[in-house]
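Please keep the picture beside the text while reading.

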Amino acid sequence: MGVADLADYPWDAVAPFAERARRHPAGIVDLSIGSPVDPTPDVVAAALAAATDAHAYPQTMGTPALREAIVGWYARRRGVPGLTPAHVLPTVGSKELVALLPLLLGLGPGDVVVHPRAAYPTYEVGARLVGAEPVASDDPSDWPDNTRLVWINSPGNPDGRVLSTTELTNAVTRARSLGAVLASDECYAELGWDAPWDAEGVPSVLDPSVVGDDLTDVLSVYSLSKQSNLAGYRAAFLAGDPQLVARLLTGRKHLGLMPPAPVQRAMTVALGDDAHVQEQRARYARRRAVLKPAVEAAGFRIDRSEGGLYLWATEGLDAWESVERLANLGILVGPGHFYGTHFPQHVRFSLTATDERIEAAAERLTP
Ligand SMILES: Cc1ncc(COP(=O)(O)O)c(C=O)c1O
């Protein structure tokens, strides 16, 4: 299996419904893709603009200032003290890291990559790319003996599920007993909505109450795309086991996976500025407060969705029927079929639309 064997990009199947939604007299409300719509914060854009003289190759491992900023962010925002620059690594986007991690870890045929049952599709793509077997499972006791990499995702895409410290600990313990790397994709961590996550924050896998002081084979994977409206910058990073980080750094150096220097500067500034993240969080909280009751009023049950950027909802019909019904209202959503085989009756509503479009969706949904 190689890149040429990957399936057609699934979003092409949504195109006819997008076409239908576009015919709505007041225009389409596109809630299908989680792409940020709010501007990149001025403070971050200014940092990028001030760093355009980038004549030298950037460092794959990141500048000292960036690595310190990542360390400081984990201590300040994620309750993870005690990291050092050797524990962290910037990455060119998070999707790219997710797709390449099995390759960078040297996985191949005969190895299993576990990912959530409702999952961001790139976990499976990365496994297939190297000929490993993807297995969808949320129950650590079901993870096969030949598991070499486990992806967990909290808050989850598409289901907004938040994992407690107990669930994180169980995942780490089981992965270690199998000799597998545990990678926790935490890119929506600043967006915890329901109690207790709104007040306590969403726990990181690197939280001392999960891993103690032993980070062996554990990684936290993060992205600034959502919290800082930087999806176009491809600004992301990981942290965890320093031996594993060193191995990944070596592989990434050979592959030329260097985060661009101006982006490294912008990331450093973004990670030092919590104010813009709080503003963005407040925007999504408002949109969620408008959309959630409207989705329920339209006859959907919302499952999980305790955190993150999505409402994971079902009206008891096949997801394509729900996609069609919503497209007739001029609203485009993603079908559960895109996130594995376990949730064929769920659809994903994204909160990444302007206030005006979210209000338009709410009006159309409310009977
Ligand atoms: C769970 C999850 N992981 C990773 C990513 C990728 O983020 P990035 O923009 O850094 O590639 C996304 C983006 O939607 C995501 O939902």
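Two strands are said to pair if DSSP finds at least two bridges between them. With that in mind, in this predicted model four strands form an open sheet with antiparallel pairing, in the order E9-E10-E13-E12. Strand E9 (301–303) and strand E12 (334–335) are the edge strands, each of them pairing on one side only. Between E9 and strand E10 (residues 310–314), which run antiparallel, there are three bridges, and arginine 301 stands opposite threonine 314 in E10. Helix H11 packs on this sheet, where H11 touches E9, E10 and strand E13 (346–350), and the direction of H11 makes about 5 degrees with that of E10.

A second open sheet is built from seven strands in the order E2-E8-E7-E6-E5-E3-E4, and here the pairing is mixed. E2 and strand E4 (133–136) stand at the edges with a single partner strand each, so one side of each is left without a neighbour in the sheet. On average, and with direction ignored, neighbouring strands of this sheet are turned by 20 degrees against each other. E2 and E8 run antiparallel and are joined by five bridges; proline 90 has phenylalanine 237 in E8 as its bridge partner. Helix H3 packs on the sheet, touching E2, strand E7 (218–223) and E8, while helix H10 lies across E2 and E8.

The table lists angles between pairs of elements.

| Pair | Angle |
|---|---|
| H11 and E10 | about 5 degrees |
| H3 and E2 | about 110 degrees |
| H10 and E8 | about 65 degrees |
| H4 and H5 | about 35 degrees |

How many of the 12 residues of H10 are buried? Nine of them are, so H10 is largely enclosed by the rest of the structure; among these buried residues are Pro262, Met267 and Leu271. The buried residues of H10 pack against helix H2 (42–49), helix H3 (64–77), strand E2 (88–92), strand E8 (235–240) and helix H11 (274–297). From its first C-alpha to its last, H10 (residues 261–272) reaches 17 Å, close to the 16 Å expected at 1.5 Å a residue.

Finally, there is a contact between two helices, H4 (residues 94–104) and H5 (residues 122–129), whose axes are 6 Å apart, and H4 passes H5 in a right-handed crossing. Lys95, Val98, Ala99 and Pro102 in H4 meet Thr122, Tyr123, Gly126, Ala127 and Leu129 in H5. Sorted by class, this contact of H4 with H5 has six nonpolar, two polar and one charged residues.

Methods:
Residues are numbered from 1 along each chain as its sequence is written. This is a predicted model: local features need pLDDT of at least 70, side-chain atom pairs count only at pLDDT 80 or more; totals for chains, interfaces and linings use all residues. Side-chain values use heavy atoms; hydrogens and water are left out. Axes are lines fitted to C-alpha atoms, for helices over the stretch in contact, and angles run from 0 to 180 degrees between N-to-C directions. A crossing is left-handed if the near helix is turned anticlockwise from the far one by less than a right angle, and right-handed if clockwise. Contact means heavy atoms within 4.5 Å. Ala, Val, Leu, Ile, Met, Phe, Trp, Tyr, Cys and Pro count as nonpolar, Asp, Glu, Lys and Arg as charged, and the others, Gly among them, as polar. The expected span of a helix is 1.5 Å times one less than its number of residues. Buried means under 20% relative accessible area, exposed over 50%, partly exposed in between (1.4 Å probe, protein chains only).
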